[in-house]
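Thanks for making the time this morning.

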Amino acid sequence: MFTLNTKKSIFKALLTKNSPFYIQFYVSSRCNLRCRQCGIVQTNAGLREVSLADIEKIADNLVNIGAGVVVLMGGEPFLRKDYPEIISIFINRKLDVRLQTAGMKVATVEMLRACVDAGAKDINISLDSLDEDKQDYINNVPGSWDQAIRTIANVSNIFPRNDSLTSFGTVISAFNYAEIPAILEFATEIGWYVSLVPVHIATTEASMAYRSSDSTFLVKNDNFIELESVFTKLKEMRKAGYKLFDSTKYLDSALVFMKTNRPTWRTNGICDSPGLYFVIRPDGDFAICADHQFKNDPVSVMDKNFPRIYKSKKFRERVREVTKHCLGCQYGSYPEMSISVRSISGIYERIKTALYVKGSGIK
């Protein structure tokens, strides 16, 4: 499932809690959706997108600091016509690559095949509902559900049958929490996983990059008992063999987050950016996470001095100055990475998932 480089990065993270084995790279600032619960398009609007030559510099620097998995996302990354070439740059440097997409028309059969030829085998497609009208409302684009389903079918036909990690990226909100078990059942039936993320809504006093301010997505207090029963059922389904990617500790924290807007996964309040994970913006600049970036004096990941800067005490203190004031998030990527290296049960569940992926296939 992982390259030798990624295995080394993960092993180092387990020992030191300080190895950046998970990097999110927003390769595109453009998107063909206007999702009501997401603010990243507005945040990154106007940022230039780095060239292939710049991406090679970024990839070299990531190898230098011991990175493992690179998630190529956006915006909508398939809007870049050079997407297969981007994938090749990281694959050729023995980094693991994971694709993320909304599955719109730009993710054509030809483009998907080119991505697989470049070495891609892991992909996450956004799917928040089995109800077409509901999904189109959430995405704010008519026809987006139909296109996502067609892309899921195309991926199932094109990507390697075995050793591919194919999953739905599903945002849980007031609009869809009751149907999450049905989405999990559908995913399992076709050999896909479900990766859940609770909706993140910011207040106007504390705006954050990835979050919108549409409070209609928040589950109300009167529905908390039903929400709790959904999470209980999800854990039961996973034990029964349904393909839910998220760990038990993550699910417990996600439920609390949806009720209180505070997570429970952080050990002693620690955020592990930039030690275990961080973000690269479309213009190549470093960002602490999906929500936070340096507002002044940005640091470029394509700078030849980035490895030295990244390892410096001054840089770490600068990041810490932001993270210590953050109330926390429940974006799946960050909690699961921290849980995977700081929790014995989390480590066990990740190993079990990795072995299961190798033994099962897309249908």
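Let me begin with Arg-316, which lies over the face of Tyr-310, at 4.4 Å from the ring centre; a charge sits over a ring here if NZ of Lys or CZ of Arg is within 6 Å of the ring centre and within 35 degrees of the ring normal. Arg-318 lies over the face of Phe-294, at 3.8 Å from the ring centre.

Before going on, a word on the basis: this is a predicted model, in which local features need pLDDT of at least 70 and side-chain atom pairs count only at pLDDT 80 or more, while totals for chains, interfaces and linings use all residues. Residues are numbered from 1 along each chain as its sequence is written, and side-chain values use heavy atoms, with hydrogens and water left out.

Phe-278 and Phe-286 are both buried, meaning under 20% relative accessible area, as against exposed at over 50% and partly exposed in between, with a 1.4 Å probe and protein chains only.

Phe-315 brings us to helix H12, residues 313-323, where Phe-315, Val-319 and Thr-323 are buried; helices (H or I, at least four residues) and strands (E, at least two) are DSSP runs, numbered from the N terminus. These three cover an arc of only 75 degrees around the axis, which puts them on the same side of H12, the arc being that of the directions from the helix axis to the C-beta atoms. As background, an α-helix has 3.6 residues a turn, so residues three or four places apart point the same way. The buried residues of H12 pack against strand E8 (286-287) and helix H11 (306-311), contact meaning heavy atoms within 4.5 Å, whereas the face turned away from that buried side carries the exposed residues Lys-313 and Lys-314.

Across the model, the count comes to 17 aromatic pairs. One of them is Phe-175 with Phe-217, a tilted pair at 4.6 Å centre to centre, with 55 degrees between the planes. Its partners are 42 residues apart, Phe-175 in the loop between strand E5 (166-172) and helix H8 (180-189), and Phe-217 in the loop between strand E6 (193-198) and helix H9 (224-239).

Conventions
Phe/Tyr/Trp six-rings, centres within 6.5 Å; stacked < 30°, edge-to-face > 60°.
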